[in-house]
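Here are some quick notes to read with the model open beside you. Take the points in order and find each residue as you go.

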Amino acid sequence: MAATCPCCSTVNTICFWGPRREVWWKRPALLVCCLPFAGGIPAILWLKGGSLQAGFWIVAGVLFAAALLGLVVSAIGCNACVARILGDL
Ligand SMILES: [Zn+2]
């Protein structure tokens, strides 16, 4: 196996679809995809938290966790992790 980064084991567990093509633009693309979720979800919960249903909290939590993972991987992950987490684009 190639060199591993701190994200490899986590990404390999979550992203069951296997390795994907490594392309240079996937890292900025991942960042752009995740930023609105990582920033917007806490804002929505903060503004409307009291009136939201439990289901929304669960969905928001999963999306927020995925966005955070994407941000971390785009920051410190290796090319293989970035390519894998973004999947086929
Ligand atoms: Zn990695």
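1. A term to start with: a nonpolar core is a set of buried Ala, Val, Leu, Ile, Met, Phe, Trp, Tyr and Cys residues joined through C-beta atoms within 7 Å. Buried means that 20 or more other C-beta atoms lie within 10 Å of a residue's own, exposed means 12 or fewer, and partly exposed is in between, with C-beta atoms placed from the backbone.

2. Bear in mind that this is a predicted model, where local features need pLDDT of at least 70, side-chain atom pairs count only at pLDDT 80 or more, and totals for chains, interfaces and linings use all residues. Numbering runs from 1 along each chain as its sequence is written.

3. The largest nonpolar core has 14 residues, and V11, L30, V73, C81, V82, I85 and L86 have the most contacts inside it. Two or more residues each come from α2 (26–48), α3 (54–76) and α4 (79–86), with α4 giving the most, six. Helices here are DSSP runs (H or I, at least four residues), numbered from the N terminus.

4. Look at V73: leaving out residues up to four places away in sequence, V73 touches C7, V11, L30, C81, V82 and I85. Touching means C-beta atoms, placed from the backbone, within 7 Å.

5. Why is α4 largely enclosed by the rest of the structure? Because seven of its eight residues are buried. Those buried residues pack against α1 (8–14), α2 and α3. Just after α4, G87 has a positive phi of about 75°.

6. Now find F16, in the loop between α1 and α2. F16 counts as exposed because it has 7 C-beta neighbours inside 10 Å.

Notes. Two residues are in contact if their C-beta atoms, placed from the backbone, lie within 7 Å.
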